[in-house]
Amino acid sequence: MSHGPRSGLAAVSSALLAMSRHLEVRDVLKTIVASARELLDAQYAALGVPDDHGGFAQFVVDGVSDDQWRAIGPLPRQHGILAAMLHDAKPQRLGDVRTDPRFEGWPSAHPELSDFLGLPIRDGDEVIGALFLANKLHSVGDPPHPPSSKPQGGCGFTADDEELLAILAQHAAIALTNARLYERSRELTIAEERSRLAHELHDAVSQKLFSLRLTAQAAAALVDRDPARAKGELQQVAALAAEAADELRAAVVELRPAALDEDGLVATLRTQIQVLDRAHTAHVTFTGRGVRALPAAQEEAMLRVAQEALHNALRHSGADRVDVTLERRGSGAVLRVTDDGSGFEPRTVRRAGRHLGLVSMRDRASGVGGTLTVESAPGKGTTIEMEVPGG
């Protein structure tokens, strides 16, 4: 192989660990490509995920600068060698891709490729991507092999390289499939949350508006014969209207897309909690202490757990005060949501879990390698704590 046995094993192990750390599809693709290029000492590497229209839904490269990639132009189509890997599902190892009869050229800004090693990425019988390397190097940082120095057979990439890339492709299929499942589950979760909020908003506001209408009718009936009572009823109308407005504002906050990508977890939590503090009679506070940026999946999980815990405290516990803290712990972080509300008996957690979303919160925490603990007692409030390990 192009690496010694010890360094080769360490390199493969590092590549597989790197792939397993990511949950976003784009991050997984980038990690696979960078790992493959480094592992096999190639000048260029790329990975294409096909769409259903003869093109690529995603195409990730490594070894090409951003300026060069922009100059190359649109994503390639599924033709030539790329089509062969996707449709024939066989490895392709070529001494000079330009002399292969299937070669159909490339844009003027495209780098010159000679040595070529490509493999399909398969999930069972389905080809879900094509991974390829070009221009075998003498060693990292060196120029490609000149034609005169290539081994017999004409390709700088060896059969051992092909075997190593096949191992990487098998694990890439697992990582890519897991990332796709994660994104689908997240989409379903978002849809479920929006559906829950829609039902909740409908129920809460409908009840408030129904009460408001009855109270207004009572005030109208009393205004002539009992002005004092009518005044009291009108004050109740004002209170009910304010509560309905609170419900609407809180729902808008939860439905608004989180600005995690732009603002980060601390700023996003602070903004949402400031709005909740204005929208509810309970005093809601936020404190952030030395938290560094976390992996995207962990930040999203923490935000969703915080939203669920705040929802419980503000809608169900009758709390006068809710305190949210987010602080650094090692390379990770700890989120804590504490309220002084009615609390519950943790030993009945199965029943409470269905009502308070505790099962969902635990799933979110464990899904990103974190933990969730709940402390509560009847009449003594609740503390929900989530810890994640960081990256």
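Me: Which residues touch the most other members in the largest nonpolar core?

Reply: Start with the idea: a nonpolar core is a set of buried Ala, Val, Leu, Ile, Met, Phe, Trp, Tyr and Cys residues joined through side-chain atoms within 4.5 Å. Buried means under 20% relative accessible area, exposed means over 50%, and partly exposed lies in between (1.4 Å probe, protein chains only). In this predicted model, the largest core has 36 residues, and L269, M302, V322, L326, L335, L372 and M386 touch the most other members. Among the elements that give two or more residues to this core are helix 7 (260-279), helix 8 (296-315), strand 7 (321-329) and strand 9 (371-376). Helix 8 gives the most, with 10 residues.

Me: Which residues is L269 in contact with, leaving aside its neighbours within four places in sequence?

Reply: Contact means heavy atoms within 4.5 Å. By that rule L269 is in contact with F286, L303, A306, L326 and L335. There is also a second, separate core of 30 residues, which includes L39, L47, F157 and A172.

Me: What should I know about the numbering and the model before going on?

Reply: Residues are numbered from 1 along each chain as its sequence is written. The model is predicted, local features need pLDDT of at least 70, side-chain atom pairs count only at pLDDT 80 or more, and totals for chains, interfaces and linings use all residues, while side-chain values use heavy atoms, leaving out hydrogens and water.

Me: Where is confidence lowest, and where is it highest?

Reply: The guide here is pLDDT, the predictor's confidence in each residue, from 0 to 100. The protein averages 79, and 78% of the residues score at least 70. Confidence is lowest in helix 9 (residues 349-356), at a mean of 45, and highest in strand 8 (residues 332-339), at 96. Over residues 1-7 pLDDT stays under 50, and the model has 12 contacts beyond four places in sequence for them.

Me: How many helices and strands does the protein have?

Reply: Helices (H or I, at least four residues) and strands (E, at least two) are DSSP runs, numbered from the N terminus. The protein has 10 helices and 10 strands. Of its 391 residues, 44% count as buried.

Me: Why is helix 8 described as largely enclosed?

Reply: Helix 8 is largely enclosed by the rest of the structure because 18 of its 20 residues are buried.

Me: Which residues of helix 10 are buried?

Reply: An α-helix has 3.6 residues a turn, so residues three or four places apart point the same way. In helix 10, L358, M361, R364 and A365 are buried. Seen down the axis, the buried residues of helix 10 fall within an arc of 125° (taken from the directions from the helix axis to the C-beta atoms), so they line one face of the helix. Just after helix 10, G369 takes a positive phi of about 80°.

Me: How many aromatic pairs are there?

Reply: Rings of Phe, Tyr and Trp (its six-membered ring) pair if their centres lie within 6.5 Å; planes under 30 degrees apart count as stacked, over 60 as edge-to-face and the rest as tilted. The count comes to five aromatic pairs. F59 and F132 form a tilted one, 6.3 Å centre to centre with 50° between the planes. This pair links distant parts of the chain, with F59 in strand 2 (residues 56-62) and F132 in strand 5 (residues 126-136), 73 residues apart. Both F59 and F132 are buried.
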